[in-house]
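Q: I've got a fold open on my screen and want to learn how to read its side chains. Can you walk me through a few features?

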Amino acid sequence: MFSSENTAEVGSGYKQLGAKGGEDGRVLRVLFIRHAESENNRLYRELCSSGRQDFWDYDRYSDPPLTEEGWIQAEDLATRLEQNPQLYDFAGRKTGIKSLYTSAMYRALQTTSPVYRRMKIPTEVWPGIHETGGVFHMNEGVLRGLTRDQILVEFSGYHIAKSSGVSSNGWWRGGVETYDQMIERAVSSKKVLVDMASQLEEDTTVAVISHGSFLSALIRSLTQANCSFALLNTSISCIDIQVSTVEEGDDDYVRVRLHYLNSSATDGPYWDKQLLAFTSNM
C-alpha cells in the first residue's frame, strides 16, 4: 500500500528529495486528530441501524455539537495528550505541543476546548480544515457558520487571525462544497504545513483537530497513499514534515514520515498498535 519510493511534486518551490545530500531542515511533527463524537455521528449511526438512512439529509445538523459521549471523549483526549508525551516526544526531550489548530466547525472547537484548558497550548482557529461539504442543510438556506464573536465568547483564548476569513458574518461561503473542491483544499492545507515546516528554527510539534473525511484526504496528499482512512473519533495520527535545501538557489525538498495512524484511547500504547511506519519523499 505504501512505499518509500512514492514521490510527488507538492507545488511551486518544492521537489521530491533526491539522492544528493543537503542540509536537513527542522522537523515539524503534526498530530492529526479527529474531533470527538458529534450529534451527526450519533444520528447517522442510529439511522443506519434502523434502516432509515434516507432521512439523513433532512435530520442532520448543519454544524453539530458534541454529544455527551463526545464530551467524555474530548476530556479523555486531553488526558491522553497530557499524560502520554511519548505519543509525540519519541526521544524523551520533554518537548511539548507548541500550538493547536482547530477547524471553525462547532464540534472541532468543542473537542479542542479541554486540551486548551488543561494544557494551556496556544490555539488558533483554521477555517480551511473544515469537513467536506462545509456548513449546509437541505432546508435552511445559505449558512455561514459561527461568527467571530460567537467563537471568541464561547472559546475565550482561542486566536483568530485577521486574515482567517472569520468575520461578523461567519466563515463559510455558503452552499455545499464538492468532493473535488475538498481535495483541492487538502492540497492547499498540505502546502501551508510544508511552508510552516520550512520556516522552523527548531523541531516543533503541533496538533491539528479536524474531521474524518478531510483528514483522510490531507494524510493521503501528504503521504501519497492510494487509499482512504477511516479515522476514529479523537484518534491521533502522527506525521513528520521536513524541508531540506540541497543547494543555495535550488528548490527545497520535502520528506514526509508517517509514524502511526488512527491511534485511539482503546488502542493502548501507540507502539503496540502502530499500523504504518515509512518515509515518503515528496
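Q: Is histidine 35 buried or exposed?
A: Buried means under 20% relative accessible area, exposed over 50%, and partly exposed in between, with a 1.4 Å probe and protein chains only. Histidine 35 has 2% relative accessibility, so it counts as buried. One caution: this is a predicted model, where local features need pLDDT of at least 70, side-chain atom pairs count only at pLDDT 80 or more, and totals for chains, interfaces and linings use all residues. Residues are numbered from 1 along each chain as its sequence is written, and side-chain values use heavy atoms, leaving out hydrogens and water.

Q: Which residues does histidine 35 touch, not counting residues up to four places away in sequence?
A: Contact means heavy atoms within 4.5 Å. On that basis histidine 35 touches Asn41, Arg107, Ala108, Thr111, Ser210, His211, Asn233 and Thr234.

Q: How do I read a pair of aromatic rings?
A: A ring pair is described by the distance of the centres and the angle of the planes. Rings of Phe, Tyr and Trp (its six-membered ring) pair if their centres lie within 6.5 Å; planes under 30 degrees apart are stacked, over 60 edge-to-face, and the rest tilted. The whole structure has five aromatic pairs. Take tyrosine 106 and phenylalanine 155: their centres are 6.2 Å apart and their planes at 75°, so this pair is edge-to-face.

Q: What about phenylalanine 155 and tyrosine 158?
A: That pair is stacked, with 5.3 Å centre to centre and 20° between the planes. Both phenylalanine 155 and tyrosine 158 are buried.
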